[in-house]
Amino acid sequence: MSYSFAFLDEQSKRAVRRALLKAVALPGYQVPFVSRELPISYGWGTGGIQITCALLGREDVVKVIDQGADDSVNAVNIKRFLQRTAGVATTSVTAEATIIQTRHRIPEERLRADQILVLQVPYPEPLRLVEARETETRRMHAEADYGRMYVALYEDIVHHGEITLPWQYPAVVNSRYLMSPSPIPRFDNPKLHLADCLFLFGAGREKRVYAIPPHTPVASLAFEDYPFRAEAFPGRRCERCGSGDTYLDELILDESGRRGYQCSDTAFCLRRRQDPSVARGWGEASAPGTPRGAEA
Amino acid sequence: MGYVAVRGGEDAIRNSETLLALYRRRGGRASLQVQQILDQMRLAVDRVMAEGSLYEPTLAALAIKQAEGDLAEAAFLVRAYRSTLPRLQGTPMLPVERMRLIRRISAAFKDIPGGQLLGPTRDYTQRLLDFSLLEEGTKGPAPDPPRVSLNGDGQETPERVSTYLRREGLLPEPPPAAEPPVDITRDAAAFPMPRSARLQALARGEEGGMLALAYSSMRGFGSVHPTVAELRVGYVAVQVRVPELDLPVTVGEILVTEAELICRDELQEDAGTPARFSLGYGFAFGHNERRAICMAILDRAMRAERVTAPAQDQEFVLQHIEGIEAQGFTNHWKLPHYVDFQAELAQLRSRRAVERPAAEPAGVPA
C-alpha cells in the first residue's frame, strides 16, 4: 500500500486550493472548506497541514514551528509527516523556507514575498467571543456588524482598566472583515500589516480557511483613547542571545521557582547568537492599532 | 422471530440469551482470553474501570469480553457488580503527590523542575493504519515495556507545576478537602452539589458526554480556555487504616491519570482578590488523558462566576454525563409502551375531533 504525494488525494488538495484562492480574493473572509481527516488528530494543526499539503511541490523547502520552536515535538511530528508523505526538504532556517507552517507565532525575521506563512488556527471566528452561534456570526460578518465586539472590548476596559485579550487579538483586514489572527500573541499582530509575504490560515476542525495577501492593511482593534498595545518584556533579555526586542519564553529554572527568559523563536535566537546585529525587519510598531472609525 | 406481546416472554428471553452467546463465540476460533484483553486492550480496560467506578482490571476485562467490546455495556456490568460490594471504609486521601510517574508533561512551561517525560503516548504518532498488524504472528511474546519512571526507586516525585504558581500568589490555595468527602453512591445527591460530589460524578461520567460538554466550553459556549499546567500518569499507593495500628498500611497501588488545568478567568469565590488564575482538576482511573482533561475543564467550568453556558450549569452537566443512567433511559424506549401509547393515541384522536369535527369520521377505529 502507498499514499498519494502529500497524503491527500489530488481532488482534495485541489478543493483546498480553490478555497484558498477565494480566501486571497476576499482578505480576512472565512471560506468554508471540506476538511478531511488526517492521521494526525484534530486540534494538532490539521488546518495548517491541509493547506501545506495542498500547496506543496517537490521543490518546496518546508519549515515547521510550534510556539516559535523548530524542535518542539508537535512541529517535529508534522515535519516528519510532510517528509514521509511528500519527501520534501525541510529546514529550520527561516530564510531558506518557501513554506513555513506555524502554531501561535510569526517568525521574528521578516518574511519575503516568495515565502508563505501557514498558520494553524483553533478558533477561526473572532466573533465567538461575543456570539456562540455560527448562523449569527456569518450574518454579522456579512453586514460588517461588529458593534458588539467593540462593546465587549469597551466593557473589558470598564471592568479591568484595559483590554485583557492576551492572544488571538482580533484585527480588521483591508478595512472590511474582522479576523482572528490565530492564537499569536499581541506582539505578533503588527507583523500582519502591509507584509511582503502571504499569510494563510487553516482551521481543520472548524473547516475554515482565510488569508491576508501581501501588502494588505491589518488594524488591530483599539479605541482612540485606548490604543493597541503589544506585550513588552521590560528589562528582560534572552539569556542565550541577549535580545531585548523579541518575544520571550519564561522558564522555571529550579526548585526555588527562579525564572529565566529565552527567545521563543529558536531559529532567530540562533542567528542572533551568530550575528547580534541581525534585524527583525518588521519595523517597530509597524501597525499601530487603528482607532474606532479611522479604519473606514 | 417476532417482537410480540407478551406471553411466552420468558422463552423469548431465554432464546435470545442463547442466541447472544452464540453470537459472542461465533467464528469457531479459540476463546478470547481475559488476560489478552488485560494485556492488549489496556485503554479499554481503563475506560471501563473509570465509568464502572471500580478499580478492578480483571473484572473490567471480563466485562469487555462479555459485552463483545461494547464499552458502555461493559461499564454497566461493572457498575452493577459494584452494587454488590460493601464499603468497608474510606481510604486516607491518595498520596498523589508521591506518584511514581510514567508520564509527565506541562504545556505551560518549557522547562519544569523534575523534567518532562513523554512516556507511552500516541500524541505524536501518525495515525496511519499499520497493515503489518494484519499479519502479526500469535507466537513469541514481545518483551514487557521497561519500567521507565521519572522518579525511580527512592527518588522524590517532582513538585507540581501549580505549586510554583501558588507560591507566587498567581493561583489560590486549594480549597480545604471535604472530610469525609460526599459519596454520591451512598448519599442522595442534591443540587447544588458540593465540589467533592461533583468531582466524583465527573470521575465516573461517560467519556463521550464529558468530551462533548468540555468541548462546548472550550469552543465558545462558555469560556474555559485551559492551559495544561501538568498532566501526570503514574502509580499511586492505596492505603487503609487498620484499627490496631496507628499508621495507614499500603495495600497496593493503582495506575491513575491526573490533570491540572489553568484558566485565566477568576472564580466566583475569588472576587475582590488581586487578579489570579484558577485551576481545574481532573482524575481518572488508569491511563486516560482525554478523560482527565475533560473532567478538569468541567470542574472549572462549573465554578464559573455566572452561568451563561450549558457546561457551567452543574445540573445540566452532572445529570447528563452519567452514562449508565443515560444509556439505560435511552434503551428503555425499546421497552413496550403499549399502554401509554394507547393513551396518547386516544388523546390525539380526541383533539382532532374537537379541532375539526366535520373532517373526522364519527366512529374512530379502536
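How many helices and strands are there in chain A? Chain A has six helices and 12 strands, where helices (H or I, at least four residues) and strands (E, at least two) are DSSP runs numbered from the N terminus. The model is predicted: local features need pLDDT of at least 70 and side-chain atom pairs count only at pLDDT 80 or more, while totals for chains, interfaces and linings use all residues. Residues are numbered from 1 along each chain as its sequence is written, and chains are lettered from A and ligands numbered from 1 in the order in which they are written.

**Chain A overall**

- The radius of gyration of chain A is 19 Å, which agrees with the value near 19 Å for a compact globule of 296 residues. This radius is taken over C-alpha atoms, and the globule rule is 2.2 Å times the number of residues to the power 0.38.
- Along the principal axes, the C-alpha atoms of chain A fill a box of roughly 60 × 50 × 40 Å.
- Of the 296 residues in chain A, 45% are buried. A residue is buried if 20 or more other C-beta atoms, placed from the backbone, lie within 10 Å of its own C-beta, exposed if 12 or fewer do, and partly exposed in between.
- Among the contacts in chain A with a separation of 6 or more, 64% join residues 24 or more positions apart. Two residues are in contact if their C-beta atoms, placed from the backbone, lie within 7 Å.

**Details in chain A**

- Helix α1 (residues 10–25) of chain A packs on helix α2 (residues 46–55) of chain A at an angle of about 100 degrees, and their axes are 9 Å apart. The two helices α1(A) and α2(A) are therefore roughly perpendicular, a label that covers angles of 65 to 115 degrees.
- Axes are lines fitted to C-alpha atoms, for helices over the stretch in contact, and angles run from 0 to 180 degrees between N-to-C directions.
- On α1(A) the contact is made by Lys13(A), Val16(A), Arg17(A) and Leu20(A), and on α2(A) by Gln50(A), Ile51(A), Cys53(A) and Ala54(A).
- Tyr169(A) sits in the loop between α5 (147–160) and β6 (171–173) of chain A. Tyr169(A) is buried because 25 other C-beta atoms lie within 10 Å.
- Leaving aside neighbours within four places in sequence, Tyr169(A) is in contact with Pro181(A), Arg186(A), Asn189(A) and Ser220(A).

**Chain B overall**

- Chain B has 12 helices and four strands.
- The C-alpha trace of chain B spans about 85 × 65 × 55 Å along its principal axes.
- In chain B, 30% of the 366 residues are buried.

**Inside chain B**

- An automatic or database domain assignment divides chain B into domain 1 (9–82) and domain 2 (96–119 + 147–327). The C-alpha centres of these domains of chain B are 29 Å apart.
- Between the domains of chain B, 13 residues of domain 1 are in contact with 14 residues of domain 2. The largest share of the domain 1 side, seven residues, comes from α3(B).
- Helix α7 (residues 195–203) of chain B has buried residues Ala197(B), Arg198(B), Leu199(B), Gln200(B), Ala201(B) and Leu202(B). The buried residues of α7(B) pack against α8 (207–219), α9 (289–301) and α10 (314–320) of chain B.

**Between the chains**

- In the interface, 15 residues of chain B are in contact with 15 residues of chain A.

Note on methods: Parallel < 35°, antiparallel > 145°, perpendicular 65-115°, else oblique.
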